[in-house]
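Please read these notes alongside the model.

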Amino acid sequence: MAKKYWLLKSEPEAFSISDLAQAPGQITCWDGVRNYQARNYLRDDIQINDLAFFHHSNACPPGIAGVVKVIQSGYPDSTAWDPFDCHYDAKSTVANPRWFMIDVQLVTRFEEILTLELLRTVPALKSMELLRKGSRLSVQPVRADEYQTVMKLYRSLNSRRQ
DNA sequence: GCCAACGTTGGC
DNA sequence: GCCAACGTTGGC
């Protein structure tokens, strides 16, 4: 299957790209997603070697902080089974797991956040889910052309900084 | 801190 | 199955 592109949201106060950069192997499990549409992407569609933007939400400034690679596709989110975890869900059982997670590894930490404000100025990203008014989905697909546009924007900003 | 836009819940 | 009430998300 062709490589797909995604966007994963995280509040940096809970888990930031800096946290990922310091994690062993720069690997983390992407757990705690408790939305059915996002769950379906994690469980059914996201494949090993897919790439995803790491987005900082509820941040100053909000924006894309880097790129991660999927190194493990969807498997049951064990935090749902832990009564002491804040994402505990009694309705998710080992026999019939309701929530799923993936493992990702850091690929690129952007030198600077690509802010929503900046992304909104790019015509080619006009229909990107992230920029849609009222968009809150924490796991969302990104079109290949949108992915390339964002990366091109990042590289052009980067070369200007040198 | 505000609040619009969602998603979920639960009575009916 | 409808939908009002409520809770959450997340940019601003």
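1. A side-chain N or O atom of Lys 9 is 3.0 Å from a phosphate oxygen of DNA strand C, a polar contact being a pair of N or O atoms within 3.5 Å; within protein, one atom must be able to donate a hydrogen and the other to accept it, and residues adjacent in sequence count only if both atoms are side-chain atoms. A polar backbone atom of Asn 58 is also 3.0 Å from a phosphate oxygen of DNA strand C.

2. The model is predicted: local features need pLDDT of at least 70 and side-chain atom pairs count only at pLDDT 80 or more, while totals for chains, interfaces and linings use all residues. Residues are numbered from 1 along each chain as its sequence is written, chains are lettered from A and ligands numbered from 1 in the order in which they are written, and side-chain values use heavy atoms, with hydrogens and water left out.

3. The surroundings of DNA strand C consist of Lys 9, His 55, Ser 57, Asn 58, Pro 62, Leu 116, Arg 120, Ser 135 and Arg 136, where a residue is near a strand if one of its heavy atoms lies within 4 Å of it. Of the atoms of DNA strand C that come within 4 Å of the protein, 67% belong to sugar and phosphate. By class, the residues near DNA strand C are 2 nonpolar, 4 polar and 3 charged. Here Ala, Val, Leu, Ile, Met, Phe, Trp, Tyr, Cys and Pro count as nonpolar, Asp, Glu, Lys and Arg as charged, and the others, Gly among them, as polar.

4. Around DNA strand B are Asn 35, Tyr 36, Arg 132, Lys 133, Gly 134 and Arg 136. Sugar and phosphate make up 68% of the DNA strand B atoms that come within 4 Å of the protein. The surface near DNA strand B has 1 nonpolar, 2 polar and 3 charged residues.

5. Arg 136 has a polar side-chain atom 2.5 Å from a base oxygen of DNA strand B.

6. An open sheet is formed by 6 strands in the order S2-S5-S4-S3-S1-S6, with mixed pairing. Strand S2 (27–30) and strand S6 (139–142) are at the edges with a single partner strand each, so one side of each has no neighbour in the sheet. Neighbouring strands are turned by 35 degrees against each other on average, direction ignored. Strands (E, at least two residues) and helices (H or I, at least four) are DSSP runs, numbered from the N terminus, and two strands pair if DSSP finds at least two bridges between them.

7. S4 and strand S5 (residues 100–115) run antiparallel and are joined by 10 bridges. Gln 72 has Asp 103 in S5 as its bridge partner. Helix H4 (residues 144–161) packs on the sheet and touches strand S1 (5–10), S3, S4, S5 and S6, its direction making about 40 degrees with that of S5. Contact means heavy atoms within 4.5 Å; axes are lines fitted to C-alpha atoms, for helices over the stretch in contact, and angles run from 0 to 180 degrees between N-to-C directions.

8. His 56 is in strand S3 and is buried, at a relative accessible area of 9%. Buried means under 20% relative accessible area, exposed over 50%, and partly exposed in between (1.4 Å probe, protein chains only). The His 56 side chain reaches the backbone nitrogen of Ile 17 at 3.1 Å. Beyond its neighbours within four places in sequence, His 56 contacts residues including Ser 10, Pro 12, Pro 62 and Ile 113.

9. The Cys 60 to Pro 61 peptide bond is cis, with omega near -5 degrees; Pro 61 is in the loop between strand S3 (51–56) and strand S4 (63–76). Asn 58 lies in the loop between S3 and S4, has a positive phi of about 55 degrees although it is not a glycine, and is exposed at 68% relative accessible area. Asn 49, in the loop between helix H2 (36–45) and S3, has phi near 80 degrees and is partly exposed at 40%.
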